[in-house]
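Q: Please take a close look at the ligand and its surroundings. What holds the place around the ligand?

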Amino acid sequence: MDFFSDYTLTIGGKARATARSLDVKNPATGQPFAAAPAASAQDLDDAVAAAQAALPAWKALPIAERRNVINAAANAIKANADDLARLFTLEQGRPLEAARQEILFGSFWLKAVAKLDLPVEVVEDTPARRVEIHHEPLGVVCAIVPWNFPFLLATWKIGPALLAGNTMVMKPSPFTPLLALKLAELWREILPPGVFNVLSGGDELGPLMTAHPGFAKISFTGSTATGKRVMEAAARDLKSITLELGGNDVAIIMPDVDIDQVAREIFHGAFYNSAQVCVATKRLYIHDDIYDALRDRLHALALEARVDDGMKPGTHYGPVQNEPLHRRLLGLIDEARAEGLTLLTGRETPDNGGYFVPLTLVDNPPEHARVVAEEAFGPVLPLLRFTDVEDVIRRANDSNYGLAGAIWSKNVDNAVAIAKRLETGTVWINQNLQNAPHIPFAGQKESGIGVENGMEGLKSFTQIKSIFIPKAQA
Ligand code: NAD
């Protein structure tokens with residue numbers, strides 16, 4: 001199989017070419033390097049019909065057999081990790097080794113999810129009756145994925161949805177369609193036809209999908225603004241939804257930390273994947289006692305870090321993924337400079353038409369500045385001073401978002417006490433960006449609805465059925 005040409009939709013286990021196509025650009029050059037198919041409304045109808053046709057046999061399989069199929073699918077990813085990683089870097093921009101890690105993590109994730117089980121639960125067992133809770137598949141799932149983790153976030157949906165007995169039509173972002181298209185091609189001989197269908201397309205395809213009456217559930221990861229539109233569309237026929245949305249996450253650094261030790265970890269938590277991470281640190285609150293020292297250490301790390309084409313060995317951070325984001329980030333930096341804010345900039349970046357943004361720290365801007373109040377979703381990080389714990393908790397919670405947060409302190413009990421007061425779905429103490437297949441992930445406030453991962457995430461791809469079984473005849 002050639003991973004670098006001939007991109008086609010997968011519908012009912014077969015390749016489908018389209019009349020229209022989308023240019024896919026390499027973010028390191030800004031130049032198109034591939035054409036992805038642009039699915040039509042007819043392609044969507046056909047994919048939903050194929051997924052519906054595959055549903056009865058797939059959900060009738062014992063879970064152990066679906067588990068075997070998912071394991072085989074995960075093995076195929078691992079066996080092709082090098083090609084998938086190259087394709088990842090070409091379309092997404094992330095340095096090659098980090099791209100490879102996401103591919104392998106996706107394979108690991110599918111296998112870990114496949115180990116889960118959905119046993120019948122007995123909630124009452126008396127002489128009169130037994131009441132069982134069954135978790136049945138919902139039907140055909142519409143999965144919509146963003147461009148920042150185009151592979152891993154797809155596996156977060158595919159694994160539990162398919163294990164639970166659903167079938168799926170997935171749409172990758174128009175900025176990174178190629179990995180998902182090739183994943184479906186790779187699996188054409190592994191998954192029964194119609195169980196997993198992939199459609200790429202332009203901006204019109206997402207709304208067509210969320211409005212389609214053939215879906216039972218929408219599992220969406222992306223921005224809060226789009227999430228609200230998805231929820232409106234789902235309301236028309238009350239589709240089940242899971243929304244994993246944006247965040248403006250804080251890290252709170254207490255004065256007792258070892259500055260040199262934590263600086264690298266904080267830097268990683270803020271800038272990994274060029275800061276295009278939903279749970280990246282996006283507001284860094286540093287205690288006044290250590291503010292200057294930690295700021296200077298972080299600036300030194302920014303000056304060391306090489307931002308360049310992810311295909312070049314030695315690149316630490318790639319370009320940002322797309323042109324609109326690049327334009328918005330440069331605008332945010334210009335605006336901060338025009339407002340007289342102090343910017344501490346990292347190493348120079350290539351000037352070749354690629355979407356490069358220098359790693360930028362903003363030195364103690366006011367809380368209302370756009371760099372603080374908005375999710376930047378790129379390497380522009382505000383550093384904010386605090387002295388009082390009550391004050392920093394108030395500032396941290398003063399956001400419509402509530403995805404994740406982190407606290408760094410030698411006093412773990414104290415950090416746990418602060419963690420309990422943060423209005424976020426995840427809090428890390430002395431660590432960052434951690435997640436695992438058995439740990440539920442959910443956003444509070446406008447960061448999401450529902451849960452991914454863990455047993456809660458798996459169950460969110462099921463419909464509960466309570467069966468009342470009498471023991472004695474009336
Ligand atoms: P986006 O909302 O622009 O796009 C996400 C997906 O939705 C894409 O596939 C897009 O084509 C599709 N889409 C666009 N309009 C649609 C519509 N009206 N109906 C249905 N689908 C539509 O987001 P993005 O820019 O691709 O991703 C970045 C955002 O995603 C950030 O806000 C980030 O924080 C968030 N994110 C959240 C998580 C999480 O798990 N909470 C993970 C990664 C990214």
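A: Here is a walk through the ligand site. This is a predicted model, where local features need pLDDT of at least 70, side-chain atom pairs count only at pLDDT 80 or more, and totals for chains, interfaces and linings use all residues. Residues are numbered from 1 along each chain as its sequence is written, and side-chain values use heavy atoms, with hydrogens and water left out.

Start with the neighbours. The ligand is surrounded by 29 residues, each with a heavy atom within 4 Å of it. Lys171, Ser223, Thr226, Leu245 and Glu375 are the closest. By class, 15 are nonpolar, ten are polar and four are charged. Here Asp, Glu, Lys and Arg count as charged; Ala, Val, Leu, Ile, Met, Phe, Trp, Tyr, Cys and Pro as nonpolar; the others, Gly among them, as polar.

Now the N and O atoms. A ligand oxygen lies 2.6 Å from an N or O atom in the side chain of Glu375. A ligand nitrogen is 2.8 Å from a polar backbone atom of Leu245. Taken alone, the ligand exposes 850 Å², and the protein buries 88% of that (Shrake-Rupley method, 1.4 Å probe).

Last, the wider setting. Domain 1 (9-245 + 447-467) and domain 2 (250-429) each give at least three residues to the shell; these bounds come from an automatic or database domain assignment.

Conventions. Polar contact = N/O pair within 3.5 Å; in protein donor to acceptor, adjacent residues only side chain to side chain.
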